[in-house]
Structures are given as structure tokens and as C-alpha cells.
Amino acid sequence: MRTREFILNGVTVATGICAAIVAVSVLRGSLGRRSVAAPTPKVLQARQWRPLLQTGHRIGPTDAKLTIIEFGDFQCPVCGVFERTLDSMWTRHPSEFAVVFHHFPLSYHPLAYPLARASECAAHQGRFTAFHDSVYAEQRLLGVVPIIEFGVRAGVRDTAAFRRCVLSTSPVPEIDRDVAYAKQIGVPGTPGVILDGTLRSGDVTLQELEHALSEAEDAK
């Protein structure tokens, strides 16, 4: 148990170093690189996306006028940008929309799966949303602060049980289910966002979300 915790902490430190190196590389490379067009939105059949409303983790009211389905990765920087967009949306429309979050941890993010596991451990204690919000609000600390600390900040009551859960090596059915479904419907990356049956990848703007909400209101 202590060995696995040592390894996880080692990954945390190494990730922090790598993150700094990558940030500098991206900044240098982006200066002379052309912008890449966003992938074309993909229209899904109802049977492909409506079942996703019944699984995952709902954040927001059950009677929301607009429900957004998100496939997310806790270590994904673009997901962090999208979460800030959602925060703005909640500020403007606190009772009118909701998000159903599904896991899609990308293999090249070493902390993505451990964070997804930790979020499910927090969910066992009714603290998924708090953990989700804590990680995305302080994403800059990934690789610096141990994963277990995010659970403490999220208010898990039984920290010993949370620690055991985070350090477990058992498969997490909820994560594996979400990943399998993401691959089945062709989610190209994170965040993968489904708005009324249309699958988008990348940063969705506040204006686009408000337009979707307006259309949902008109439909009702």
C-alpha cells in the first residue's frame, strides 16, 4: 500500500516537472504554428446518446431545460477551459441547465485515470461534484499536490477509506464503461461535448451554450 502511494506521489512530482517543460515547448511551438480547424460536429442517433443521460454524474438540476453531456479528463487543459465556461453559464443560468459528466481519461495524461478513480472514490461518499470542482478549479496544482489532498479539500469524511480506495488497483467499472462508450460513439478527444445529439470536441464557447439553451427553451 505504501509502495503504491509512493509511486503515485512520484508520478505527481514527475508530472509537475513535465507539465512545466511541456508548457514552455507549447508556447515556443505555437508562435509559428498554424491554427488547426476544429473537428466537424457529429450528429448522433438518439439511441447513441440518450442513454448517457441516465449514467455518469449529474451536476445541476434534474429538470434542467438544457442538459449537456460531457466526456472529460481531469488532467486535460482544454477541459479546464471548458469548465470555466460552464462556471460562467451557471452564474448566468443557475437553474436552467445541467451537465452529465462521463470519464474519458486520455492515456498520455498520467494522472487522468488516477484522478478519475479518485473522483469515483469521492462519489462513494457523496462528494463527486465537490471533487470535480476542486480539481478543475486548481488544475495548476496537479503534479504538485497529492491526489488524496483533493479529496480532503472536497470534504470526504472518511479520509482513511478514501485513501484505500484511491490506492486500489482494482478496475473501476464506471470509468471503463464510460471509456468504452466514448470509443463506441467516436468521441475524438476531450472535452467531448454532446448538445442535443450533436457531438463536439474541443472548447465550446459560452455563446454556443447560450444558443443551445435558447433553442431548448423554444422547443418547450
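1. Buried here means under 20% relative accessible area, exposed over 50%, and partly exposed in between, using a 1.4 Å probe and protein chains only. Helices (H or I, at least four residues) and strands (E, at least two) are DSSP runs, numbered from the N terminus.

2. The model is predicted: local features need pLDDT of at least 70, side-chain atom pairs count only at pLDDT 80 or more, and totals for chains, interfaces and linings use all residues. Residues are numbered from 1 along each chain as its sequence is written, and side-chain values use heavy atoms, with hydrogens and water left out.

3. Start with strand E3, residues 66-72. E3 is mostly covered, with 7 of its 7 residues buried. In a regular strand, side chains alternate between the two faces of the sheet. Both faces of E3 are covered. On one side, Leu66, Ile68, Glu70 and Gly72 are buried; on the other, Thr67, Ile69 and Phe71 are buried.

4. Next, the strand partners. Two strands pair if DSSP finds at least two bridges between them. E3 runs parallel to strand E4 (residues 97-103), and 7 bridges join them. Leu66 has Phe97 as its bridge partner in E4. E3 also runs antiparallel to strand E5 (residues 192-195), with 3 bridges. There, Glu70 stands opposite Val193.

5. E3, helix H3 (residues 77-92) and E4 make a right-handed β-α-β unit. Right-handed means that, with the strands pointing away from the viewer, the path from the first strand over the helix to the second runs clockwise.

6. Now the aromatics. Rings of Phe, Tyr and Trp (its six-membered ring) pair if their centres lie within 6.5 Å; planes under 30 degrees apart count as stacked, over 60 as edge-to-face and the rest as tilted. The whole structure holds 6 aromatic pairs. Phe74 and Phe131 have ring centres 6.1 Å apart and planes at 85°, so they are edge-to-face. This pair links distant parts of the chain, 57 residues apart: Phe74 is in the loop between E3 and H3, Phe131 in helix H5 (residues 128-137). Phe74 counts as buried at 1% relative accessibility. Phe131 counts as buried at 0%.

7. A second pair also involves H5. The rings of Phe101 and Phe128 have centres 5.9 Å apart and planes at 50°, so this pair is tilted. Phe101 lies in E4 and Phe128 in H5, so the pair ties together parts 27 residues apart in sequence. Phe101 and Phe128 are both buried.

8. Which residues form one aromatic cluster? They are Phe74, Phe101, Phe128, Phe131, Tyr136 and Phe162.
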